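Visitor: I would like to learn how to read a ligand site and a few local features in a structure. Could you take me through them one at a time?

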Amino acid sequence: MCGIVGYTGSKNCSSILFEGLSKLEYRGYDSAGITVIENSKAITIKAQGKLSNLKPELDKSGFTGTCGIGHTRWATHGKPSVENAHPHTSGRVTVVHNGIIENYVELKSHLISTGRIFSSETDTEIIAHLIDIGLSKGKTPLEAIAACTVSLKGTWALGILIDGYSDTLWAARNQSPLILGTSSGENFIASDIPAIMSLTNSVIFPEDNEIIEVSPDKISIFNEQLEEIRRTPQTILWNPVTAEKGGYKHFMLKEISEQPRALSDTIAGRITSEDLIYFDGIELPLNIKRVLIIACGTSYYAGLIGKYMIENTARIPVEVDFASEFRYRNPVLDANTLIISISQSGETADTLAAVKEARKSGAFTLSISNVINSQIPRVSSSSFYTHAGPEIGVASTKAFTCQLGALFMTAVHLGIKTGSLEQKEAIRLVGELRTIPSKMHSIIDQGAQIKVIARRYMSSTGFLYIARGLNYPIALEGALKLKEISYIHAEGYPAGEMKHGPIALIDENLPVVSIVPKNGYYQKVVSNLEEVRARGGKIIAIATRGDSEIADIATDLFQIPDTDPLLEPLLTVIPVQLLAYYISDFKGTDVDQPRNLAKSVTVE
Ligand code: M6R
């Protein structure tokens with residue numbers, strides 16, 4: 001889950017690498033390092049902790065070289081420390097790595113037995129040794145890298161520098177994300193587009209087991225047999241400004257506020273002027289008898305809502321599974337099962353592996369993803385891209401509502417396809433979808449009310465989130481948001497299940513966040529809230545504007561606009577995102593980069 005970046009061109013590369021790493025810090029932030037070729041020799045600086053700790057080292061370095069690599073780390077093997085921070089050097093070779101080398105123990109003990117000395121506890125360092133050994137046997141850099149990668153088991157995206165080569169760097173990938181950026185007289189490697197998108201929008205996506213040689217004027221890609229492969233660059237339309245904070249205190253707050261625009265972009269081009277879904281370019285199997293949704297974290301909660309949407313409109317049974325469970329449970333699949341994977345990053349290791357498993361068994365896989373050409377869409381039968389733009393905050397917000405938009409459109413499309421949804425009803429639903437961005441705006445405009453509630457409850461040591469139906473996954477999502485950024489324990493529960501256990505937790509110290517819009521479940525949830533009130537619990541209610549009954553029950557109330565029940569989660573989620581945001585901001589935790597987490601979970 002680390003981030004890597006590399007540059008070769010005519011400019012002093014150290015600030016380009018540092019800037020690139022600052023855009024990748026969401027991928028890991030326990031240590032960072034940069035290596036630059038100075039007078040044909042690699043010089044490395046490293047620091048433990050956030051990237052900002054590397055800045056004084058960079059200022060002291062006096063780097064002038066024009067070819068270098070950088071890394072921001074999320075520890076897998078070896079604790080966060082300067083010794084374990086990348087880049088790692090052995091002899092003439094310096095490497096940065098994102099991924100896990102599964103057979104490193106056996107390779108390392110063999111290397112130690114041949115007299116090699118290690119200076120870190122990482123799996124990565126063996127790569128530098130193996131390439132260095134190849135070079136010392138007279139191999140060319142490409143041959144030495146190919147000989148090394150052939151002996152590795154696991155996942156890798158590598159950036160490699162070799163002493164004596166002042167303007168060339170090498171890269172290699174297997175299952176970890178890597179992109180190549182190309183521009184006039186300069187070229188780049190990076191884990192993700194934001195690292196380089198202020199410098200170029202022309203990007204090449206290497207495939208597994210490829211090795212790349214990068215010089216200022218040329219990018220050459222080779223397969224494992226070192227045969228050259230031609231690949232045309234693609235133009236990326238992301239706007240660099242969307243990857244900046246733009247005056248907001250945190251990316252998370254900016255991304256919450258961007259939801260109306262992000263959703264509009266996701267639905268634009270997918271609905272016609274007659275309010276019909278336009279699914280062109282997205283293939284689906286002919287006779288779908290069952291849908292299986294696989295995802296992790298927040299994307300999994302989007303999947304739970306997708307189940308309600310699809311079952312309602314298309315009357316097709318839907319199961320939702322954590323990707324990490326699905327891939328190991330030998331699921332029953334057939335040609336009439338549609339697998340939908342959901343992943344913001346498109347590179348979550350468990351989801352990727354689950355999709356690959358599903359495809360092996362012949363199932364049709366549709367990916368819903370936010371990152372064009374990321375790995376999951378690439379291995380899927382068909383892809384539905386959301387257009388949330390880059391999501392930098394570790395806590396997923398705008399990507400989630402765009403996933404819901406994509407699932408809603410898929411549900412309406414399947415409803416028409418199966419004949420379960422009348423065209424008139426489909427048009428009404430799509431018309432309602434069109435109103436959601438402006439309703440989102442009106443919620444965001446009242447964010448100050450949530451801030452007041454957040455201040456009141458910021459010292460609570462636990463929260464319960466309850467709801468029913470489509471909003472039950474929003475209770476789960478609200479609890480996850482709070483946990484991951486404020487470190488307060490929170491649990492999401494179906495309101496009707498309270499009496500089977502959790503009601504024992506209720507007292508005046510436990511705030512109960514209740515999502516209770518005026519829908520078919522309303523009276524049932526109100527009854528559950530009465531039970532909470534009778535036991536002295538504090539109720540924070542998210543309810544429909546104009547609902548006076550709930551105003552009498554709730555300790556604190558936040559009102560949202562009315563909409564069709566199938567679309568409610570796109571609105572009810574915003575107050576729970578804001579609540580988590582303001583509580584953690586008041587507590588002073590690191591909102592955008594919470595401890596122990598990383599944005600893209602590319603390890604199992
Ligand atoms: O990129 P993905 O959607 O596959 O990521 C899945 C989860 O890792 C992600 O949603 C995670 O739970 C977020 N930090 C939640 O805010």
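**The ligand and its surroundings**

Guide: In this predicted model, α8 (297-314) and α15 (472-486) each supply at least two residues of the shell around the ligand, where helices (H or I, at least four residues) and strands (E, at least two) are DSSP runs numbered from the N terminus. The largest share of that shell, three residues, comes from α8. Residues are numbered from 1 along each chain as its sequence is written. Local features need pLDDT of at least 70, side-chain atom pairs count only at pLDDT 80 or more, and totals for chains, interfaces and linings use all residues, while side-chain values use heavy atoms, with hydrogens and water left out.

Visitor: How many residues surround the ligand, and which are the closest?

Guide: A residue counts as near a molecule if one of its heavy atoms lies within 4 Å of it. Here 14 residues surround the ligand, and the closest are Ser299, Ser343, Ser345, Thr348 and Glu484. By class, the shell divides into four nonpolar, eight polar and two charged residues, with Ala, Val, Leu, Ile, Met, Phe, Trp, Tyr, Cys and Pro taken as nonpolar, Asp, Glu, Lys and Arg as charged, and the others, Gly among them, as polar.

Visitor: Why is the pair of tyrosine 300 and phenylalanine 322 described as it is?

Guide: A pair of aromatic rings is described by the distance of the centres and the angle of the planes. Rings of Phe, Tyr and Trp (its six-membered ring) pair if their centres lie within 6.5 Å, and planes under 30 degrees apart count as stacked, over 60 as edge-to-face and the rest as tilted. A search of the whole structure finds seven aromatic pairs. The rings of tyrosine 300 and phenylalanine 322 have centres 3.7 Å apart and planes at 20°, so this pair is stacked. It links distant parts of the chain, 22 residues apart, with tyrosine 300 in helix α8 and phenylalanine 322 in strand β17 (residues 318-322).
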